[in-house]
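Dear colleague,

Please find below the structure that I am handing over to you. My notes on what was found in it follow directly after.

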Amino acid sequence: MEKIDTIGWKDFTVGELFEVSRPIARSQAKYKEGDVPFVASGNYNNGVVKWCEPSCDETLDAKGCISVSPLDGSAFYQPTDFLGRGGAGSAILLLRNEYLNEMSGLFISAVLRAALTKFSYNDQINSRTISVQGLKLPATKTGAPDYAYMDAYMRKIMDESEASLKSLRRANNEYKKINTERWKTFVLGDIFEKLNLCIKNPNFNKALDVSEIQNEEFSIPLVNAKHGNNGIMYYGREDDFETAEMTIDIVQNGAIATGDVYAQPQKTGVLWDAYLVKPLFKLSSKYALMFLASVLEKAIKDKFSYDDKCTWERASQLTVLLPEKNEIPDVDYMTEYMTKILDEANESMDILSKTVLEGKLV
C-alpha cells in the first residue's frame with residue numbers, strides 16, 4: 001500500500017471534534033476478576049489491564065469512544081462497554097462524538113498517538129492540553145472530517161493484515177515436532193528451587209504503595225495471580241520488596257488463572273498469589289528461561305484448579321522432559337532453539353507490520 005497523500009487534509013483540534021471527559025473515580029484493585037475490561041493508562045492491550053466484575057449497580061463507561069493515557073498519549077478505540085480508570089493522577093481521558101465508529105476510531109487513534117508522543121510521565125496530558133491539541137485529518141469538500149474515507153482506509157488495512165495473519169497461521173501449522181528421543185525426564189524439585197521473597201517494608205499497604213504503571217519510583221515488576229501481561233499485576237518500590245532475577249513466575253491461585261507460568265529475566269518481586277522458582281543449574285540466557293517456562297506451563301497447566309491450588313510442594317513432584325547435557329538441562333540447546341523461534345516470529349511480524357507501516361501518514 002502506498003503512503004497516504006495528506007496534501008488535501010485539514011488541521012483540526014481535539015476540542016472541536018470531541019467531547020472530552022474522564023471516568024468516575026475507580027481503581028482496579030477494588031474489583032474481583034470478571035469479564036468486563038478495566039481500561040487504564042497502559043500503552044498495550046488496548047489499555048486493558050484487568051478483566052473485572054463490576055458492582056451490581058455500577059454504570060459502565062459506554063463503548064464507541066477513544067481512551068487516551070495522560071502519561072504517554074497512548075490512544076485506543078474502545079469497542080465494548082468498559083470500566084475506566086478514574087480519579088486523580090493517571091485517570092484516562094475519553095473522547096466521544098456521534099460520528100465515530102470502530103474503523104474511523106482506529107484511524108484517529110493512530111493519528112492521536114503520533115501527535116501525543118511529546119508528552120511524558122513528567123508532562124502529563126490533561127483535559128485542557130488535549131482539547132487544544134492539533135490533528136491533521138482527511139476532510140470533505142465542505143471542510144468536515146471525512147469519516148467515510150477513514151472508515152474505508154482502515155477496512156483496507158484490516159483486510160491486508162488479516163491476509164498476513166493467515167499466512168502466519170499457515171506457516172505455524174507447518175512447524176515439525178521436536179525430536180525428544182534423547183531428552184531426559186527431570187523432577188521439577190530436582191532442578192528448581194522456590195524463592196521465599198518477602199515484602200521488606202512492614203508499613204506496606206497494597207492499596208497505596210503499588211502502581212498500575214511502571215515509572216521511576218515504582219520500577220519493580222510485581223507478579224501475582226494475573227493472567228496475561230507476563231503475570232505482572234503492579235509495580236513497586238525497590239526498597240519495599242525483595243527481588244530476584246532470572247526466575248520463573250508460577251501463578252498459585254486466582255479467580256480465572258491457575259498454574260500460568262511466565263519467564264521473569266529482570267528483577268522481580270512477588271505479591272500474594274504467585275511464587276518464583278529459580279533453576280538450580282547455571283542459567284544466564286533469557287531465551288533458555290523462556291524455553292523452561294513453556295515446558296513448566298505444559299507440565300503444570302490443567303493439573304490444578306481454583307479449588308485445587310497449585311502449590312510448589314505439589315508441583316515440585318511433577319516431571320518434565322528436557323534436552324540434557326552432562327546430566328543437567330542443556331542450556332545451550334534451549335538458548336539456540338528459542339533464539340531461532342523468536343527470530344522466525346520477528347521476521348513474520350515484520351511482514352505483518354509492513355502492511356500497516358507502508359500506509360503510515362506522511
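Are Glu58 and Arg26 buried or exposed? Glu58 is buried, and Arg26 is buried as well. Please bear in mind throughout that this is a predicted model.

**Salt bridges**

Because Glu58 sits in the loop between strand 4 (48–53) and strand 5 (65–68), and Arg26 in the loop between strand 2 (19–21) and strand 3 (32–39), the pair ties together parts that are 32 residues apart in sequence.

The count of salt bridges comes to nine. Another of them joins the side chains of Glu217 and Arg237, with an N to O distance of 2.7 Å. This pair, too, links distant parts of the chain, 20 residues apart: Glu217 belongs to the loop between strand 12 (210–211) and strand 13 (220–223), and Arg237 to the loop between strand 14 (232–236) and strand 15 (247–251). Glu217 has a relative accessibility of 44% and therefore counts as partly exposed. Arg237, at 24%, likewise counts as partly exposed. Both residues take part in a network of salt bridges that links Asp209, Glu217, Arg237 and Asp240.

A further salt bridge is formed by Lys325 and Asp332, whose closest N and O atoms are 4.0 Å apart. Lys325 is partly exposed, with a relative accessible area of 42%, whereas Asp332, at 53%, counts as exposed.

**Helix 6**

Helix 6 covers residues 286–300. Just after the helix, Asp302 takes a positive phi of about 75°.

**Two individual residues**

Asn230 lies in the loop between strand 13 and strand 14. Asn230 is partly exposed, its relative accessible area being 32%. Leaving out residues up to four places away in sequence, Asn230 touches Val223, Asp249, Tyr262, Ala263 and Gln264. With Tyr262 the separation is 32 residues in sequence, yet the C-alpha atoms of Asn230 and Tyr262 are 5.6 Å apart in space. A polar atom of the Asn230 side chain also lies 2.8 Å from the backbone oxygen of Ala263.

Gly84 is found in strand 7 (residues 83–84). With a relative accessible area of 0%, Gly84 is buried, because a residue counts as buried under 20%. Apart from neighbours within four places in sequence, Gly84 is in contact with Pro23, Ile24, Arg26, Phe38, Val39, Asp61 and Ile92. Gly84 and Ala25 are 59 residues apart in sequence, while their C-alpha atoms are 8.5 Å apart in space.

With kind regards

Key: Residues are numbered from 1 along each chain as its sequence is written. This is a predicted model: local features need pLDDT of at least 70, side-chain atom pairs count only at pLDDT 80 or more; totals for chains, interfaces and linings use all residues. Side-chain values use heavy atoms; hydrogens and water are left out. Helices (H or I, at least four residues) and strands (E, at least two) are DSSP runs, numbered from the N terminus. The expected span of a helix is 1.5 Å times one less than its number of residues. Buried means under 20% relative accessible area, exposed over 50%, partly exposed in between (1.4 Å probe, protein chains only). Contact means heavy atoms within 4.5 Å. A polar contact is a pair of N or O atoms within 3.5 Å; within protein, one must be able to donate a hydrogen and the other to accept it, and residues adjacent in sequence count only if both atoms are side-chain atoms.
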